[in-house]
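Please read them beside the coordinates.

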Amino acid sequence: MPGSNVRTFADGDALARGAADDLAAIARTAVDARGVCHVALAGGSTPKRMFAELAARGRDALPWSRIELWFGDERTVGPDHPDSNYGMARATLIEPLGLDAARVHRVRGEDDPELAARDYERALVDALGTPPVLDLVLLGLGPDGHTASLFPATPALDETARWVVANPVDSPVAKGKTVRITLTVPAINAARHVRFVAGGADKAAILAAVLDGPPGRYPAQRIGGADVTWLIDAAAAGGTR
Ligand code: 6PG
């Protein structure tokens, strides 16, 4: 992905602070311009420190009453399951800040995946129109180059007509055979801002392959759009940035 914007922070804590600062700036600009900011949160473990940083700053640090939270993807589990991306955000961000549930749009991972995907897509389009232009999509990077739940060699990767799909996945990275609900590439690429957040030495090899290697090999390389920026720490940069 030549020409990608990359911001490198000293360590994991600095990355969490920097990612929180970046979200805050995007949110303030969106609210000033349109009175609302729509953010799709990433799942996995990386966002936990960023969410904890946002929670530590308190409700007054951002215009939370004007921020609508969505999810870039969800596992096909209920909200109380330890694998739930919503559950992680609820524990680290939503409950600590006492955010209004009416502004938190979770994927019903406990429902039939196709129905859950259709319902979520309908909610997104009802709120944002077509294409559903989110202000910010937060993404992580998996060891196989997946992002959201766009895993290598899965049907969702080539989806161009839908904004949200149920994606059958069979990968050790996803704990075997499962179905994930995910934003599609067109939905992510329609966003005003996309932020990959990746930290730690274990991300260095895949990050270099995605950013500096041949294009078209990894799902994360399909992500483009108006403003795609990578927020990484020095360990993930592996001395290359
Ligand atoms: C998920 C995420 C997924 C995640 C990457 C990185 O549901 O797990 O959407 O794409 O961002 O797998 O995960 P870590 O942050 O745990 O390394």
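Predicted model: local features only at pLDDT ≥ 70, side-chain atom pairs only at ≥ 80, totals over all residues.

1. Residues are numbered from 1 along each chain as its sequence is written, and side-chain values use heavy atoms, with hydrogens and water left out.

2. The shell around the ligand holds 15 residues, and those that come nearest are Ser-45, Thr-46, Arg-75, Ala-148 and Lys-203 (a residue is near if one of its heavy atoms lies within 4 Å of the molecule). By class, the shell divides into nine polar, four charged and two nonpolar residues, where Ala, Val, Leu, Ile, Met, Phe, Trp, Tyr, Cys and Pro count as nonpolar, Asp, Glu, Lys and Arg as charged, and the others, Gly among them, as polar.

3. The ligand taken alone exposes 420 Å², of which the protein buries 87% (areas by the Shrake-Rupley method with a 1.4 Å probe).

4. Asn-85 deserves a separate look, since its place is in helix 3 (residues 85-97), helices being DSSP runs of H or I with at least four residues and strands runs of E with at least two, numbered from the N terminus. Asn-85 is buried, with a relative accessible area of 3% (buried means under 20%, exposed over 50%, partly exposed in between, with a 1.4 Å probe and protein chains only). Its side chain reaches the backbone oxygen of Asp-73 at 3.2 Å, and a polar contact of 3.3 Å joins the side chains of Asn-85 and Arg-75 (a pair of N or O atoms within 3.5 Å; within protein, one must be able to donate a hydrogen and the other to accept it, and residues adjacent in sequence count only if both atoms are side-chain atoms).

5. Ala-148 has a positive phi of about 50° although it is not a glycine, and its place is in the loop between strand 5 and strand 6 (164-171). Ala-153, in the loop between strand 5 and strand 6, has a positive phi of about 60°. Ala-148 is buried at 13% relative accessible area, whereas Ala-153 counts as exposed at 81%.

6. Please also check the cis peptide bond that joins Thr-130 and Pro-131, with omega about -5°; Pro-131 lies in the loop between helix 4 (113-128) and strand 5 (136-139).
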